[in-house]
Amino acid sequence: MLPYWLMPLPETCRATGMGKTLTYEKLNPDSEKYDPTFPKPVVLSPRCVRWRSDEVFAWIDARSADRDAGRTERQEQASNAGKAGAAKRKASAIDLAGQG
């Protein structure tokens, strides 16, 4: 048994959560949605293309890793924004107390 299988377009779309159009846009260098990291299809004949399952799932895993790394960064940004907001509110309260 192969360590991977060749996935037809509908199966590739189900795995990635993308439609046919977006899948092909990811492959088109002229498209705004082009992704050079997206797996290239294996052309079996002019009307038959497949994607290697290992490449598709590796691409999905890379997106998940990017998401997880971004989550940590967003949490730090939110924490810093919360601290800045608290400092601003404290300064406003001091200003208001001095006016009375």
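Here is a short tour, from the sheet to the helices and then the core.

Before you click, note that this is a predicted model: local features need pLDDT of at least 70, side-chain atom pairs count only at pLDDT 80 or more, and totals for chains, interfaces and linings use all residues. Residues are numbered from 1 along each chain as its sequence is written, and side-chain values use heavy atoms, with hydrogens and water left out.

Stop 1: Select 6–7, which is strand S1, and 42–45, which is strand S2. Strands (E, at least two residues) and helices (H or I, at least four) are DSSP runs, numbered from the N terminus. Together the three strands make an open, antiparallel sheet, ordered S1-S3-S2. Two strands pair if DSSP finds at least two bridges between them. S1 and S2 are the edge strands, each pairing on one side only. In general, strands of a sheet pair through backbone hydrogen bonds.

Stop 2: Click Val42 and you'll find Arg50 as its bridge partner in S3. Now try Ser45, which stands opposite Cys48. A hairpin of two residues links S2 to S3.

**Stop 3: helix H2.** Next, select residues 20–27 and pick out Thr23, Lys26 and Leu27, which are buried (under 20% relative accessible area with a 1.4 Å probe, protein chains only; exposed is over 50%, partly exposed in between). They sit on the same side of H2 because they cover an arc of only 100° around the axis, taken from the directions from the helix axis to the C-beta atoms. What do the buried residues of H2 pack against? They pack against H1 and S3.

**Stop 4: Thr12.** Head over to helix H1 and click Thr12. Thr12 counts as buried because its relative accessibility is 0%. Leaving aside neighbours within four places in sequence, Thr12 is in contact (heavy atoms within 4.5 Å) with Met7, Trp51 and Val56.

**Stop 5: the core.** Finish with the largest nonpolar core, 10 residues including Met7, Leu9, Phe38 and Trp59. Such a core is a set of buried Ala, Val, Leu, Ile, Met, Phe, Trp, Tyr and Cys residues joined through side-chain atoms within 4.5 Å. H1, S3 and helix H3 (53–99) each supply at least two residues of this core.
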